Each structure stands twice: as structure tokens, then as C-alpha cells.
Amino acid sequence: MTPKAEKLLPKIERAGIKASLKAGHVVSREELLEVKVQLMPTLLRWTLGGFSAASAYGSYIQFNTGNSLAALGFLLLAVLFLFFAWVGILKTLGHVLEGMKEVDYANAGELVSLALISIAEAVGTVLD
């Protein structure tokens, strides 16, 4: 398995477990391919959250000094940074696997199979 696929596997497992618990049964292969997977790294999301807080503070400072235009600009930046920190980049697993050039269909099938096995093990004990 490629390094990119190895990094993707835990994200697929988390999304699959969440979808399985929501559905009340272990997801099938077709259902797993429709699950949205978070692609943005956690560190980047935390960094964007920090930028959001810094922009909000900058907006507060600008409002206190009477500079409304700059304050609104900082406020807009804070909201944008917060949105991307909160939502990140979500794509369906099927779309992600189609876009990965270095992963051929055999590796993609192996990746999905490994994820399904892990999801079944994790969810099977919870739903029983």
C-alpha cells in the first residue's frame, strides 16, 4: 500500500464507523464509497482555528480604535478561517479513490476491504 493510502485508511475507518453507528448496521462497500472523508490534516485545521481566533481579536482591537472597515475585514477573515477549520475538506470516498493516480484499482480495493474489516470489528461489538 502506498504511504498516501496508509494515511487515508484511519480517516476512512473513522468515517465508516461513524456512518455505521448512525445507520445502525455495518456499512456495505457501496455505502462506504458514499461516505464523506475528511481530507484536511488535523494540524492544519487547528492552525486555521488559531488564525480565526487571532483575526477575531484583531477585529475587536479595530472596533475599539474606531476603524470599522478594518474591523469588518478582520471579522470576515475570522469567519472564513473558522468555517474551514470546522468543516475542513470533505469528499466522498469514491471520489477520493478515483482522484488518486498512484493507487490502482487493486490497491483501492484492498484499502476499502481493510477499512470494511476494521469497521466491522469496531462496530460489531458496539451494535451486538
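## Terms and basis

Helices (H or I, at least four residues) and strands (E, at least two) are DSSP runs, numbered from the N terminus. The model is predicted, and local features therefore need pLDDT of at least 70, side-chain atom pairs count only at pLDDT 80 or more, and totals for chains, interfaces and linings use all residues. Residues are numbered from 1 along each chain as its sequence is written, and side-chain values use heavy atoms, with hydrogens and water left out.

## Overall architecture

The chain contains six helices and two strands. Their order along the sequence is α-α-β-α-α-β-α-α.

Of the 128 residues, 31% are buried, where buried means under 20% relative accessible area, exposed over 50% and partly exposed in between (1.4 Å probe, protein chains only). With a contact defined as heavy atoms within 4.5 Å, residues 24 or more positions apart supply 76% of the contacts that have a separation of 6 or more. The chain exposes about 8300 Å², of which carbon and sulfur atoms supply 67%; the areas come from the Shrake-Rupley method with a 1.4 Å probe, and for residues only the protein chains shown count as cover.

## The largest pocket

A pocket is an open set of points on a 1 Å grid over the protein atoms alone, where a 1.4 Å probe fits and protein lies on both sides within 12 Å along at least five of seven lines; lining residues have an atom within 4 Å of a point. The largest pocket holds about 400 Å³ of space, a volume being the space filled by probe spheres set on the points, which are joined across faces, edges and corners.

Its lining has 14 residues, and A15, K18, K36, Q38 and L90 lie nearest the centre. Helix 1 (3-23), strand 1 (36-38) and helix 3 each give two or more residues to this lining. The largest share, five residues, comes from helix 1.

## Aromatic pairs

Rings of Phe, Tyr and Trp (its six-membered ring) pair if their centres lie within 6.5 Å; planes under 30 degrees apart count as stacked, over 60 as edge-to-face and the rest as tilted. F51 and F81 form a tilted pair, 5.5 Å centre to centre with 50° between the planes. This pair links distant parts of the chain, 30 residues apart: F51 is in helix 3 (residues 42-65) and F81 in helix 4 (residues 68-87). F51 is partly exposed at 45% relative accessible area, and F81 is partly exposed at 23%.
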